[in-house]
Amino acid sequence: MNRLSTSLAVLACALGASCAAAADIATPSGMLSLEVPAGYTELTAEELQSKFGRHGRVPLKAYGNARRSSTVAVTWSQMKQPLTEERLPELKAAMEGMLPRLTPGLEFKNSQMVTVGERAWVLLDSTAPAVDTEVRNLMYLTDLGGHMVAVNYNATLADYPAQVGAFAASARSLRVRETPGGAASR
């Protein structure tokens, strides 16, 4: 981006245009970068614990809309056997079998392998009941230095139509960089 286009983008944001914010999230095996949807802010430690802690799996970072009815959460999982791009279809199959058992009522809308930024990702699109509503989840999973990184876009069914465009734009921005000594960056 040249200076003029950068200045125009900053001016547009200052005038109230909807602007995403870049986020770099460090994991033990590398860095995940993404554009967080406009208006989303980072959840506090208390919010993370309240929203995700009851399942014992608090994300590394999460961002949410003002009402916190829509979130973007980033998790990292250490794998016993190194996860590689070639093994992503196995991961997809395992998740398709495991997630409905872990979340009663979960229904897949779609599950497929996609390419984002020249990297293979598993995309799992599902709906699931929550405490007082139903939610739509778009989960992107890939390998990062032999381990798994996941980005989960989550919205209530009522909010989903208004969020799906921002989720898609954010997902297109996903990039990973392994730490030195990890698998080669793509």
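A: Happy to; what follows goes from the core as a whole to its strands, its helix and its rings. Please keep in mind that this is a predicted model.

In soluble globular proteins, nonpolar side chains tend to be buried together.

Let us start with Leu32. Leaving aside residues up to four places away in sequence, Leu32 touches Ala23, Asp24, Ile25, Val74, Trp121, Val149, Val151, Leu174, Arg175 and Val176.

Now to two of the contributing strands. E1 and E2 form a hairpin with two residues between them. The two strands run antiparallel and are joined by seven bridges; for Ala26, the bridge partner in E2 is Met31.

Helix H4 comes next. H4 has 13 residues and reaches 18 Å from its first C-alpha to its last, close to the 18 Å expected at 1.5 Å a residue. Its buried residues are Tyr160, Gln163, Phe167, Ser170 and Ala171, and these pack against E2, E5, E6, E8 and E9. An α-helix has 3.6 residues a turn, so residues three or four places apart point the same way.

Finally, the rings. The structure holds three aromatic pairs. In one of them, Trp121 and Tyr140 have ring centres 6.5 Å apart and planes at 75 degrees, so the pair is edge-to-face. This pair links distant parts of the chain, with Trp121 in strand E7 and Tyr140 in strand E8, 19 residues apart. Both Trp121 and Tyr140 are buried. Tyr140 also pairs with Tyr153: their ring centres lie 5.9 Å apart with the planes at 90 degrees, so this pair is edge-to-face as well. Because Tyr140 lies in strand E8 and Tyr153 in strand E9, the pair ties together parts that are 13 residues apart in sequence. Tyr140 and Tyr153 are both buried. To complete the picture, Trp121, Tyr140, Tyr153 and Phe167 form one aromatic cluster, and Phe167 is one of the buried residues of H4.

Note on methods: Residues are numbered from 1 along each chain as its sequence is written. This is a predicted model: local features need pLDDT of at least 70, side-chain atom pairs count only at pLDDT 80 or more; totals for chains, interfaces and linings use all residues. Side-chain values use heavy atoms; hydrogens and water are left out. Contact means heavy atoms within 4.5 Å. Helices (H or I, at least four residues) and strands (E, at least two) are DSSP runs, numbered from the N terminus. The expected span of a helix is 1.5 Å times one less than its number of residues. Buried means under 20% relative accessible area, exposed over 50%, partly exposed in between (1.4 Å probe, protein chains only). Two strands pair if DSSP finds at least two bridges between them. Rings of Phe, Tyr and Trp (its six-membered ring) pair if their centres lie within 6.5 Å; planes under 30 degrees apart count as stacked, over 60 as edge-to-face and the rest as tilted.
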